[in-house]
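Please read the points in order alongside the structure.

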Amino acid sequence: MPPLKSFRCPSGREFIFFACPKKSSSAAAKRMSKAPNRERAADMLKIENLHARVEGRDILKGLTLSVNPGEVHAIMGPNGAGKSTLGHVLAGREGYEITEGSVSFNDADLLDMTPEQRAAAGVFLAMQYPVEIPGVNNTYFLRSALNAQRRARGEEELDSVQFLKRVRETLSVMHLKDDLLHRAVNEGFSGGEKKRNEIFQMAVLAPKLAILDETDSGLDIDALKAVAEGVNAQRSPERAFIVITHYQRLLDYIRPDFVHVLADGRIVETGGPELALQLEAHGYDWIRDRIAPEAADA
Amino acid sequence: MSALLESLAAGFEQLPHRDALGLGTARRESMDAALAGGLPTPRRERWKYTSLRALEQRRFVLPHQQDASDAEIDTVLPPAPRMVFVDGRFDAGRSDLSGLPDGVSLHALSAGLAGDDPRQVNVLGRRWNTDDAGFWRLNAALAVEGALLRIEQGVRVQPPLHLVFVTSARGQDLGIHLRHRLELREGAHATVVEHHLGHAGERPLLNSVCHVHLKPSTVLEHIRVQRAAAGASLIARTEAVLAKQATYRLLSLELGAALSRHELAIDLQGKGAHAEIRGLVRSRERQHVDTQLMLRHQLPQASSDTQWRAIAGGRSRIIFHGGILIDEGADGSDAALETRNLLLTDTAEIDAQPVLEIHADEVKASHGATIGQLDDRALFYLRSRGLPEAEARRLLVFAFCRSLLEGVSDTGLQAQLERVVKQSLLPDHAENDAEAVA
């Protein structure tokens, strides 16, 4: 990995980029060029001018983003830019106040739904810090969750044979050992195991939109590759991904169609995978223009 | 004199078996002492959290003052061997002692009183001299029923022995006084399950004292499932005495009754004795559950391990006093006490009080207490995967207490207890209300 480059935002936060060792994808660039012509009605997820605050502090300040089925969107940005807030707001975590804007998911008002309703509708958030839940068996939990989703969608529940079949297939695709099934949810898991358990759950639940919140943080290169493989195996024309990451490194393994830079609560730049390279080449000066109005105020 | 004492004193005059086996004088002395001393008040340290003022103003009739012929219960009874007591009387018809191995004697106290051998009922000889012993004095005066179990030397009983105490809603409020003895001779092993059951609409007073005598190298697994009527007032005392190398494993599930007070006095009187205490209290609405554990290490090398879990919802209150006393010279003692507590509503209250008193030099002793609410992050995690909120809450609450059931030796029994506990975790309306405003 080439040396990283860093700069400071006007807010004083450090913004770090890795050089991208691979060539950018021309296919993604092509899709980018098509983007303005997209049918708006086809959007799976449509976030418009979203403002959110937590504990009296404005975090998201007019974020707009559209995601279609089959697309992979990477969202990069410095710590504190609002990346994790975006993930939490989309999944329905309490404690965030939406002051302006809207989010629709397959034409339904996502912000009006409880977390479990969003899950049943097909939203999945792979968390940055998966919670350890002693006493709750991983398999039991996952089966209850899957069947609760199916009930909510009016589908038939899976019996234990059908469920285990699905689980075993997923395990083998992800090269996971089945001791995962017998343990309590995330209890005593290493950082890498927790992240892999998130991707495993995602694979079993088969969401329409998967949001990966800094799934790469705290992973060594082998764990990172394993997680990326699991994600890539789930890519399909029906499924969209939002990959939130602080570092460019994950994008070497999960090739995004779009890269967005999130800074100071909104998306300030959108491009293909080559955007990270551009950031690398032009650095702070290049991105500062986009957040200059705020900087000028400061 | 309070209405409660007055009504019980009236019933005492016609008590059956009152003078049997020369116990008449002792019973009257106990009754007089109870009337003179009265019931404990919150001024006594041990009763600080539990007021009996409302209970004292109520009147109760004793079982013999009521016709027993029409008692109806809708309880599913556990498998044999079982002893069933309905409204404070032994019910031979509902009991089934088939499959009881040789070397096990299980009788009703009333049968012992009807016989001519005072040794059968020596359990009634216990005297209480402390000021706050009002209920135990009443028990000494009024108990003419109970279960007497003796397991002979070296006998290992496989199937759990079930003792079922059930009340049926009829007429006046009953005051039921029971006295039990569980005695294991040297090397004996057994599992005893106490079931306390009742029906809606009843408001009985249940006073029971259980004596556990464990001779050397015995193992008793004692499971207590308290699901008494929602209106019941239950005052219980369990006294266990452990000889050398004896093991006492108690699992107490406190799920029912309006007022439940359990005093648990455990004496490790022998070297290498071991007590394993597991307790789960689940309260709701306006329930009041007060447990007073007094565990005493008298001789060296004894060990005790206490794990207590309390889950309070509604406007209920749970008290747990976990007292461990290690006597001078009880070197090599190992005592661990942990109490974890979960408040489901803003209006519930839990008072947890671990107290260690150590007079020996070479001991290992630890205690810990935590009080908290359900983890918001865990709740969000489960919901974000699709579990409805109520189901996610139940899952987390069950996870909080399930480890207590892991030690149950009989797997069928363990599964049944899991079902009982899960059932008890279903939310009630008061909780929903309180949670909505939280």
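1. In chain B, 83% of the contacts with a separation of 6 or more join residues 24 or more positions apart; two residues are in contact if their C-beta atoms, placed from the backbone, lie within 7 Å. This is a predicted model, in which local features need pLDDT of at least 70 and side-chain atom pairs count only at pLDDT 80 or more, while totals for chains, interfaces and linings use all residues. Residues are numbered from 1 along each chain as its sequence is written, and chains are lettered from A and ligands numbered from 1 in the order in which they are written.

2. Confidence. The mean pLDDT of chain B (the predictor's confidence in each residue, from 0 to 100) is 92, and 97% of the residues score at least 70. Residues 432-438 of chain B, however, have a pLDDT below 50, and this stretch makes seven contacts in the model beyond near neighbours in sequence. Where pLDDT is low, the predicted coordinates should not be read in detail. For the complex, the predictor gives an ipTM of 0.84 and a pTM of 0.84.

3. Overall fold. Chain B contains nine helices and 19 strands; helices (H or I, at least four residues) and strands (E, at least two) are DSSP runs, numbered from the N terminus. Of its 438 residues, 49% count as buried, meaning that 20 or more other C-beta atoms lie within 10 Å of the residue's own, with C-beta atoms placed from the backbone (12 or fewer is exposed, in between is partly exposed).

4. Helix 7 of chain B. Which residues of this helix are buried? They are A392(B), R393(B), L395(B), L396(B), V397(B), F400(B) and C401(B). These buried residues pack against strand 9 (133-137) of chain A, and also against strands 13 (274-283), 15 (303-312) and 17 (334-343) and helices 6 (376-384) and 8 (411-424) of chain B.

5. Interface. Chain B contributes 17 residues to the contact and chain A contributes 19 residues. Helix 6 of chain B gives the most to the side of chain B that touches chain A, with six residues. By class, that side of chain B has eight nonpolar, three polar and six charged residues; Ala, Val, Leu, Ile, Met, Phe, Trp, Tyr, Cys and Pro count as nonpolar, Asp, Glu, Lys and Arg as charged, and the others, Gly among them, as polar.

6. S424(B). This residue is found in helix 8 of chain B and counts as buried because it has 20 C-beta neighbours inside 10 Å. Leaving aside neighbours within four places in sequence, S424(B) is in contact with L255(B) and R282(B). The C-alpha atoms of S424(B) and R282(B) are separated by 7.1 Å, although the two residues are 142 residues apart along the chain.
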